[in-house]
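Work through the exercises below with the sequence and the model open. Each task is followed by a solution in steps.

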There are 2 protein chains.
Amino acid sequence: MNKEEQVIMGFRDLLNKLVWLNKYKMEKSLKGYKPTEVHCIEYIGNNVDANVTKLAESFYMTRSAMSKLTKKLMQKGLIESYQKPDNKKEIYFRLTEQGKVIYKIHEELHKEFRERDKAVFEQVTEEQFDGMLSFVEKYSKHLDAEIKKLGIDMKSE
Amino acid sequence: MNKEEQVIMGFRDLLNKLVWLNKYKMEKSLKGYKPTEVHCIEYIGNNVDANVTKLAESFYMTRSAMSKLTKKLMQKGLIESYQKPDNKKEIYFRLTEQGKVIYKIHEELHKEFRERDKAVFEQVTEEQFDGMLSFVEKYSKHLDAEIKKLGIDMKSE
DNA sequence: ATCATTTTGTTGACAAGGAAACAAAATCGA
DNA sequence: TCGATTTTGTTTCCTTGTCAACAAAATGAT
């Protein structure tokens, strides 16, 4: 296996582990709340005027899925919807007080995760950080361009 | 956002894009075959004596899921099962001729993906590669240790 | 050798997410 | 301005994967 694949597969494997472990911890601290739900609460807490479409784009999921998820979160009383006077189509979400509690707990957990992994990041030099970030940026832009090409092809079909 | 989170979230986002894009391309070339199915065929093509358990471990999925997936692939005639004379429990899989065709097409696609992304990787210096690989390795080992801790906690509960 | 434990695979009930069809509102184009 | 197109969100049906319970074979302990 060449280095390119090692990097990609290495990171894929790493993120799998990270997600798995953090999910485990999260289910312990936030019993009854699924990772996706918490993730959704996090996004709504961080972004004003979040709606189904923005959530879907951010999570690489369908509007369909997000519509169902937000519905559930509303039923649980964690988020509430609102509209703007000049727009009767878009529906925005914000956290309820109860939702904010979950948000805070989630934030604390994240702090805990950072603390747990601090030792690893302390070993990384500034050059390595910058190298990784520049790689991510370049590759990401490259893929954006490829996806854009796709968009054109899709409509010309 | 600090650099640590930038790296993690950057890679998460990057992999999401990569998966999404390659999935799209794959569905175009291998119509009727889902990514998981192809992924499974790839594994069986690369590993002799693949069975449900090994597949599950490799894919971070349950045996249950793999049992159903292999069943479907057998019904489609892409893989076939066999056993060893001295073991009546374990069931192994290998590709059929039809399965090998899919395997080859998938291989070609991968080559195409590498070609597509070559330009990005050519810009990465050897130092950057090594930096990333060492980071992945360290972090991965760190998480393995954390997961191991968890295992002890789990049984002591 | 025998009985308990572990490993391996399967099944059914369930939940999450995707695809397609749809309705309602907004925007665009002439 | 007004009809066509696009955007936004919802619902229904379907697929995929998990969990839990299970059966059968292998392994281990005594």
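Helices (H or I, at least four residues) and strands (E, at least two) are DSSP runs, numbered from the N terminus. The model is predicted, so local features need pLDDT of at least 70 and side-chain atom pairs count only at pLDDT 80 or more, while totals for chains, interfaces and linings use all residues. Residues are numbered from 1 along each chain as its sequence is written, chains are lettered from A and ligands numbered from 1 in the order in which they are written, and side-chain values use heavy atoms, with hydrogens and water left out.

**Exercise 1.** Describe the protein surface near DNA strand C.

Step 1. A residue is near a strand if one of its heavy atoms lies within 4 Å of it. Around DNA strand C there are 23 residues, and A:Ser64, A:Lys68, A:Lys88, B:Thr53 and B:Lys89 come nearest.

Step 2. Assign elements. H4 and E3 of chain A, and helix H3 (52-59), H4 and E3 of chain B, each supply at least two residues. H4(B) gives the most, with 5 residues.

Step 3. Sort by class: Ala, Val, Leu, Ile, Met, Phe, Trp, Tyr, Cys and Pro count as nonpolar, Asp, Glu, Lys and Arg as charged, and the others, Gly among them, as polar. The surface near DNA strand C divides into 4 nonpolar, 8 polar and 11 charged residues.

Step 4. Turn to the DNA side. Of the atoms of DNA strand C within 4 Å of the protein, 60% belong to sugar or phosphate and the rest to bases.

Step 5. List polar contacts, here pairs of N or O atoms within 3.5 Å. The side chain of B:Arg63 has a polar atom 3.0 Å from a base nitrogen of DNA strand C, and that of B:Lys68 has one 2.9 Å from a base oxygen. A polar backbone atom of A:Lys88 is 2.7 Å from a phosphate oxygen.

**Exercise 2.** Characterise the packing of H3(A) and H4(A).

Step 1. Two packed helices are described by the angle between their axes and the distance between the axes. Axes are lines fitted to C-alpha atoms over the stretch in contact, with angles from 0 to 180 degrees between N-to-C directions.

Step 2. The axes of H3(A) and H4(A) come within 8 Å and cross at roughly 115°.

Step 3. Contact means heavy atoms within 4.5 Å. H3(A) contributes A:Val52, A:Thr53, A:Leu55, A:Ala56 and A:Phe59, and H4(A) contributes A:Arg63, A:Met66, A:Ser67 and A:Thr70. By class, this contact has 5 nonpolar, 3 polar and 1 charged residues.

**Exercise 3.** Is A:Ser140 buried or exposed?

Step 1. Buried means under 20% relative accessible area, exposed over 50%, and partly exposed in between (1.4 Å probe, protein chains only).

Step 2. A:Ser140 counts as buried because its relative accessibility is 14%.

Step 3. A:Ser140 sits in helix H6 (residues 126-156) of chain A. Not counting residues up to four places away in sequence, A:Ser140 touches B:Leu14 and B:Lys17.

Technical notes
A polar contact is a pair of N or O atoms within 3.5 Å; within protein, one must be able to donate a hydrogen and the other to accept it, and residues adjacent in sequence count only if both atoms are side-chain atoms.
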